[in-house]
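I opened this notebook to record, entry by entry, what I looked up in one structure and what came back.

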Amino acid sequence: MKFKVTPYHSNLIKDKQRLSAFYEGISEYAEELNNLKNEEGLINKVVYDLGCGSGVLTYFASLYFQGVVGFEKESKIASYATENLKDYDNAIIIKENVLNLEGLQKADLIICEMLDTALIDEEEVLALNHFLPFKEDDGIVIPKEVVNFVEPVNMQRNNICWEDEDYKPNYEIIGPSLKYSEINLNEKIDENFSSNLELKIDKDSIFNGIKITTVTLITDKIVLGPTPMFNPPLFIPVDEIKVSKGDILNLTLSYKMGGGIESIRTVIN
Ligand SMILES: C[S@@+](CC[C@H](N)C(=O)[O-])C[C@H]1O[C@@H](n2cnc3c(N)ncnc32)[C@H](O)[C@@H]1O
């Protein structure tokens, strides 16, 4: 199937690891409900895809479920998604900011792709929080959970940056990875994150940054680490200090999920 897309959504579609993980997650849920198939071979369940973009995940859901709705606030992208799904009677695209919607029928599956590292620059945090009341009690959200890790680094940059295919920052990891937060996407996300973290150092070096890596549980069985378009590792500079092997540093890290990189604060205690 050929999709009409913007350049940004085209890059999203080319990211095969991302697409296959979501496809498998949606298929896995459909498999569990296989006995509810109607005469047309579709499962009588309602699916919402929040921020559907080109509609590619809406399309995956439409292969299995009877009532699939993709929501997209940007007119041009919504019109592409409508065009892309025109042959699927069981799927519709609604051009609307989901934050403006109230009183909807409850969905059995809510798809809400969260693709920004640690959800910091992820505008869909608000969208999912707003839509959780429109999920059936036994319904699910895909992805299920976001897990974040932090590593102390010596980096040759003094501003916040992401590592992706076009840009690889120069850095050295100087201590072990620490799992510092787990966010259950089936519950309302508390957007304000703040935590005191103990970072171990295993090398004599200059500590001047942290690397954040996000791993997403699409479902319990499907785990997706960073891919070209999904959760690229994030580098955050911190006040520079000389460190020795065996040191333990206390770092307070805070940010607002959905608040953007401007909301990040770091303090070494
Ligand atoms: C990462 S992109 C698209 C991802 C999509 N799953 C795909 O594979 O193409 C996220 C989309 O969510 C849309 N979006 C963000 N917040 C929204 C909101 N509150 N209501 C509707 N759409 C929203 C953006 O316009 C953007 O097109």
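**Entry on domains.** I began with the word domain, whose bounds here come from an automatic or database domain assignment. On that basis I found the protein chain divided into domain 1 (7-113) and domain 2 (146-268). I then noted that the C-alpha centres of domain 1 and domain 2 lie 31 Å apart. The contact between them (heavy atoms within 4.5 Å) takes 12 residues from domain 1 and 9 residues from domain 2.

**Entry on the source.** I wrote down that this is a predicted model, in which local features need pLDDT of at least 70 and side-chain atom pairs count only at pLDDT 80 or more, whereas totals for chains, interfaces and linings use all residues. Residues are numbered from 1 along each chain as its sequence is written, and side-chain values use heavy atoms, with hydrogens and water left out.

**Entry on the interface.** I looked up the buried area, which is the accessible area (1.4 Å probe) that two parts lose on being put together, summed over both. Between domain 1 and domain 2 this area is about 930 Å², and carbon and sulfur atoms give 72% of it. How many salt bridges does the rule find across the interface of domain 1 and domain 2? With a salt bridge taken as a side-chain nitrogen of Lys or Arg within 4 Å of a carboxyl oxygen of Asp or Glu, the rule finds 0 there.

I next counted polar contacts, meaning pairs of N or O atoms within 3.5 Å, where within protein one atom must be able to donate a hydrogen and the other to accept it, and residues adjacent in sequence count only if both atoms are side-chain atoms. Between domain 1 and domain 2 there are 3 residue pairs in polar contact, both residues at pLDDT 80 or more. Helices here are DSSP runs of H or I with at least four residues, strands are runs of E with at least two, and both are numbered from the N terminus. On the side of domain 1 that touches domain 2, α1 (7-14) and α2 (16-32) each supply at least two residues, and the largest share, 7 residues, comes from α2.

**Entry on a salt bridge.** Searching the whole structure, I found 6 salt bridges. In one of them, E113 pairs with R18, with the closest N and O atoms 2.5 Å apart. E113 sits in the loop between β4 and α5 and R18 in helix α2, so that the pair links parts of the chain 95 residues apart.

**Entry on the ligand.** I listed 21 residues around the ligand (a heavy atom within 4 Å of it), and the closest are G51, E72, N97, V98 and E113. A polar side-chain atom of N97 lies 2.9 Å from a nitrogen atom of the ligand.
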